[in-house]
Amino acid sequence: MKKKIVVAFDFDGTITNNDTFIDFIIYSKGIWSFCWGFFLYSPLLIAFKLGLYSNWKLKQKIFSYYFRGMSINYFDEICRSYFSYKRETILRKRACEAIQKYKEEGCLLIIVSAAKFCSVCVCVYTHIYTML
């Protein structure tokens, strides 16, 4: 029995050019809503920069501020729209080429992400399997 090779890629910063968290908020909520939310959370942002507050807690609070109460279907729609609009600018060409190579070799591909908006990851995964 031939063993299958598993290849895992991290989403933000590996498949994408950088962390998509802020870019996604600006895309989905607009620049003014983004600025207001970050102003409201500026004490926690300062605490984070001083090492007094964790990154994951901060992202969780900010994410909740912008997307609390939104239906999962609407959220998924925004994620698909974001990826469709930003696909060419957020995906790393070399990562896509490597993924294509592993795909052709029959490897099992896995995208790993700590992102709360994993629907964007699903869009990337679908793109990898249908368009690359």
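Author: Buried means under 20% relative accessible area, exposed means over 50%, and partly exposed covers what lies in between. Please keep in mind throughout that this is a predicted model.

Reader: With those cut-offs, how should I class Asp-23, buried or partly exposed?

Author: Asp-23 has a relative accessible area of 24%, and therefore counts as partly exposed.

Reader: Which side chain does Asp-23 meet in a salt bridge?

Author: The general idea is that side chains of opposite charge can pair when their charged atoms come close. In this structure Asp-23 meets the side chain of Lys-86 in a salt bridge, at 3.3 Å from N to O. That pair links distant parts of the chain, since Asp-23 belongs to helix H2 and Lys-86 to helix H6 (residues 72-90), 63 residues apart. Lys-86, with a relative accessible area of 18%, is buried.

Reader: How many salt bridges does the structure hold?

Author: The structure holds five salt bridges, and one of them joins Lys-59 to Asp-19, whose closest N and O atoms are 2.7 Å apart. Because Lys-59 lies in helix H5 and Asp-19 in the loop between helix H1 (11-15) and helix H2 (21-29), this pair ties together parts that are 40 residues apart in sequence. Lys-59 is partly exposed at 25% relative accessibility, and Asp-19 is partly exposed at 37%.

Reader: Over the face of which residue does Lys-59 lie?

Author: Lys-59 lies over the face of Phe-21, at 5.3 Å from the ring centre. A further case is Lys-101, whose charged end sits over the ring of Tyr-102, 4.5 Å from its centre, while Lys-101 also forms a salt bridge with Glu-105, in which the closest N and O atoms are 3.4 Å apart.

Reader: How many aromatic pairs are there?

Author: The count comes to 14 aromatic pairs. Among them, Tyr-41 and Tyr-65 form an edge-to-face pair, with 5.7 Å from centre to centre and 65° between the planes. Tyr-41 sits in the loop between helix H3 (31-40) and helix H4 (42-49), whereas Tyr-65 sits in helix H5 (residues 55-67), so that the pair links distant parts of the chain, 24 residues apart. Tyr-41 is buried at 17% relative accessibility, but Tyr-65, at 24%, is partly exposed. Ring pairs also link these two tyrosines into a cluster with other residues, including Phe-24, Tyr-27 and Phe-63.

Reader: Which residues form the nonpolar patch on the surface?

Author: Val-6, Leu-108, Ile-110 and Val-112 form the patch, with about 300 Å² of accessible area together. Strand S2 (residues 108-112) contributes the largest share, three residues. Ile-110, found in that strand, is partly exposed at 36% relative accessibility.

Definitions and conventions
Residues numbered from 1 in each chain as written. Predicted model: local features only at pLDDT ≥ 70, side-chain atom pairs only at ≥ 80, totals over all residues. Heavy atoms only, no water. Patch = residues over 30% accessible without salt bridge, like charges linked within 9 Å, V, L, I, M, F, W, Y side chains within 5 Å. Areas by Shrake-Rupley, 256 points an atom, 1.4 Å probe, with all protein chains shown as cover. Salt bridge = Lys/Arg side-chain N within 4 Å of Asp/Glu carboxyl O. Helix = DSSP H or I, 4+ residues; strand = E, 2+ residues; numbered from the N terminus. Buried < 20%, exposed > 50% of the residue type's maximum accessible area, 1.4 Å probe, protein only. Phe/Tyr/Trp six-rings, centres within 6.5 Å; stacked < 30°, edge-to-face > 60°. Lys NZ or Arg CZ within 6 Å of the ring centre and 35° of its normal.
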